[in-house]
Amino acid sequence: RAACYVKTGDYALCVSDCTSALELDPPNDKARLRRGIALETLGMFAAAAADMVLILIDKPDNQQAKDCLTRCLTHKNVRQQAVGEIEKMFPAGEGDEAAIEKRKSGAKLLAQQVFVGLMGLP
């Protein structure tokens, strides 16, 4: 369904559909890629970049994800904002400061691996 939404230009419906799919199956890279492309089209570059980072962690040769991430990173402050979006994808318990800090450092590490290691960015 999400692929049809993209083809018909219903990007918000694509995002919604893919988000539902990812809630049921978080490692679903196809849903994450479609959602990221739809988010990019909607101008939500940081969220799109975060999706692409998560894809590239497991599949560093995914050219569509690399291309989308490259386009997203041309926009101001997206790299820093993407780390914040990744943090949101790994929830910590309420009031658990240690878990929150662990989540933040994990998000930064994931992003660094992709931005520097895979994409060759400074």
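Let's start where two helices meet: helix α4 (residues 45–58) and helix α6 (residues 78–88) pack at an angle of about 65°, and their axes lie 8 Å apart. The axes are lines fitted to C-alpha atoms, for helices over the stretch in contact, and the angles, from 0 to 180 degrees, are taken between N-to-C directions. This is a predicted model, in which local features need pLDDT of at least 70 and side-chain atom pairs count only at pLDDT 80 or more, while totals for chains, interfaces and linings use all residues. Residues are numbered from 1 along each chain as its sequence is written, and side-chain values use heavy atoms, with hydrogens and water left out.

**Two helix pairs**

The angle makes α4 and α6 roughly perpendicular to each other. Angles of 65 to 115 degrees get that label, those under 35 count as roughly parallel, those over 145 as roughly antiparallel, and the rest as oblique.

Which residues of α4 meet α6? On the α4 side they are F45, A46, A47, A49, A50, V53 and L54, and their partners in α6 are V78, Q81, A82, E85 and I86. Contact here means heavy atoms within 4.5 Å. By class, this contact has ten nonpolar residues, one polar and one charged. Ala, Val, Leu, Ile, Met, Phe, Trp, Tyr, Cys and Pro count as nonpolar, Asp, Glu, Lys and Arg as charged, and the others, Gly among them, as polar.

The second pair is α3 with helix α5 (residues 63–72), packed at an angle of about 25° with axes 11 Å apart. That makes α3 roughly parallel to α5, and α3 passes α5 in a left-handed crossing. L33, G36, I37 and E40 of α3 make the contact with Q64, A65, C68, R71 and C72 of α5. Its classes are five nonpolar, two polar and two charged residues.

| Helix pair | Angle | Axes apart |
|---|---|---|
| α4 and α6 | about 65° | 8 Å |
| α3 and α5 | about 25° | 11 Å |

A50 is found in helix α4 and counts as buried at 0% relative accessibility. Buried means under 20% relative accessible area, exposed over 50%, and partly exposed in between, with a 1.4 Å probe and protein chains only. Not counting residues up to four places away in sequence, A50 touches A82, E85, I86 and M89. A50 and A107 are 57 residues apart in sequence, and their C-alpha atoms are 9.6 Å apart in space.

Is D29 buried or exposed? D29, in helix α3 (residues 29–41), is buried, with a relative accessible area of 14%. Leaving aside neighbours within four places in sequence, D29 is in contact with I55 and K59.

How many disulfides does the structure hold? There are zero, a disulfide being a pair of cysteine sulfur atoms within 2.5 Å. C14 is in no disulfide, and the nearest cysteine sulfur, that of C18, is 4.0 Å away. C14 counts as buried, at 0% relative accessibility.

**The whole chain**

The protein has seven helices and zero strands, counted as DSSP runs numbered from the N terminus (H or I, at least four residues, for helices; E, at least two, for strands). Of its 122 residues, 35% count as buried. Among contacts between residues at least 6 apart in sequence, 52% join residues at least 24 apart.

Key:
Left-handed = near helix turned anticlockwise from the far one by under 90°.
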